Amino acid sequence: MKKGLDKFFDNDFDNDWFVIKDGEKKSIRFTEEVPNITVARQHFVKTDGFKGFVFCLNDPDNDITDECPLCEVASTEWNDPITVAKKYFFTKIIDREDGKVKLFKGTSGISQYLIKHYQDNDSIVNIDFNISRKKKGNLTQYNLSGLVGSIGDLKEDEKKKVAELDLDKNLSFNKKTKKEMQNIINSLEDKNNNSDEEDEDEDSIL
Ligand SMILES: [Zn+2]
């Protein structure tokens, strides 16, 4: 079992993640081809004790079909503390602004663009992409386009840096057990109740 109270606060807002703000345009290089990119479902959780994304336990794409406590209480309202699970993809990119390898999390719009680019060009890793973010009403729109003149393989030192960043290890911070999920839910329900509770037995997860 994971030890350390600080782990309770692990979230997505780590320096290793690629961030693009409204109105910004950046250049990036994807480092994994479309068939190798990780796809998974996540809830967004926002409570006093925990803020961040949590992997859903019911994710048939990844052959996980467990009962997910977060699904049972999840809401479609983005402002509610626990939202319904959405599909995201996770990969590693090189941020051309500072040359660092970062974790990249994308939504369906970007994945559609990448799939199309892959179908047309057989690769998404041999060219840099411009990515921009713009708010349109309530929607945030991301635009992606191949950067003309940037075609070519990664350099050896870039490949080395990519290999050094452990995607799975970083994603493991967003994995919660049923018990940890239940604790998050309980913290919402017992927000104003400080009474002591006895520890329940660990859920048996087969
Ligand atoms: Zn779930």
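Guide: Let's start with a convention: two strands count as paired when DSSP finds at least two bridges between them. Keep in mind that this is a predicted model.

Visitor: Fine. Which residue in S8 stands opposite Lys26?

Guide: Lys26 faces Ile131 of S8. The neighbouring pair is there too, with Lys25 bridged to Ser132 in S8. Overall, S1 (residues 25-30) and S8 (residues 129-136) run antiparallel, held by 4 bridges.

Visitor: What is the bridge partner of Ser132 in S9?

Guide: In S9, Ser132 pairs with Asn143. That makes Ser132 a handy landmark, as it is also the partner of Lys25. The S8 and S9 (residues 139-146) pairing is antiparallel as well, with 8 bridges.

Visitor: How many residues lie between S8 and S9 in their hairpin?

Guide: There are 2 residues between these strands, and Gly137 in the turn has a positive phi of about 60 degrees.

Visitor: Back to S1. How many bridges link S1 to S6?

Guide: S1 and S6 (residues 86-95) are antiparallel over 3 bridges. One place to look is Phe30, which stands opposite Ile93 in S6.

Visitor: Let me step back to the whole chain. How many helices and strands does the protein chain have?

Guide: You'll find 5 helices and 9 strands. From the N terminus, the order is β-β-β-β-β-α-β-β-α-β-β-α-α-α.

Visitor: Which residues make up the largest nonpolar core?

Guide: This core has 12 residues: Val45, Phe53, Val54, Phe55, Cys56, Leu57, Cys68, Leu70, Ile82, Ala85, Met181 and Ile184. S3 (51-55) and H5 (178-189) each put in at least two of the residues. The biggest share is from S3, which supplies 3 residues. Apart from this core there is another one, of 11 residues, including Ile28, Phe30, Ile124 and Phe129.

Visitor: Which residues does Ala85 touch?

Guide: Leaving out residues up to four places away in sequence, Ala85 touches Arg41, Gln42, His43, Cys56, Cys71 and Ala74. Among them, Cys56 belongs to the largest core along with Ala85, and His43 is the residue opposite Val54.

Visitor: Where does Val84 lie?

Guide: Val84 is in the loop between H1 (69-73) and S6. The C-alpha atoms of Val84 and Val73 are 8.5 Å apart, for two residues separated by 11 residues along the chain.

Visitor: Why is Val84 classed as partly exposed?

Guide: Count the C-beta neighbours. A residue needs 20 or more within 10 Å to be buried, and 12 or fewer makes it exposed. Val84 has 16 C-beta neighbours inside 10 Å, so Val84 is partly exposed.

Visitor: What should I expect for phi?

Guide: Most residues other than glycine have a negative phi. Asp63 has a positive phi, near 55 degrees. Asp63 sits in the loop between S4 (58-59) and S5 (64-65), and is exposed because Asp63 has 6 C-beta neighbours inside 10 Å.

Visitor: Which residue with a positive phi follows H2?

Guide: That is Asp122, with phi near 65 degrees. Asp122 lies in the loop between H2 (108-121) and S8. It has 10 other C-beta atoms within 10 Å, so Asp122 is exposed.

Visitor: What span should the 14 residues of H2 have?

Guide: At 1.5 Å a residue, H2 should span 20 Å, and its end C-alpha atoms are 20 Å apart, so the two agree.

How values were computed: Residues are numbered from 1 along each chain as its sequence is written. This is a predicted model: local features need pLDDT of at least 70, side-chain atom pairs count only at pLDDT 80 or more; totals for chains, interfaces and linings use all residues. A nonpolar core is a set of buried Ala, Val, Leu, Ile, Met, Phe, Trp, Tyr and Cys residues joined through C-beta atoms within 7 Å. Two residues are in contact if their C-beta atoms, placed from the backbone, lie within 7 Å. The expected span of a helix is 1.5 Å times one less than its number of residues.
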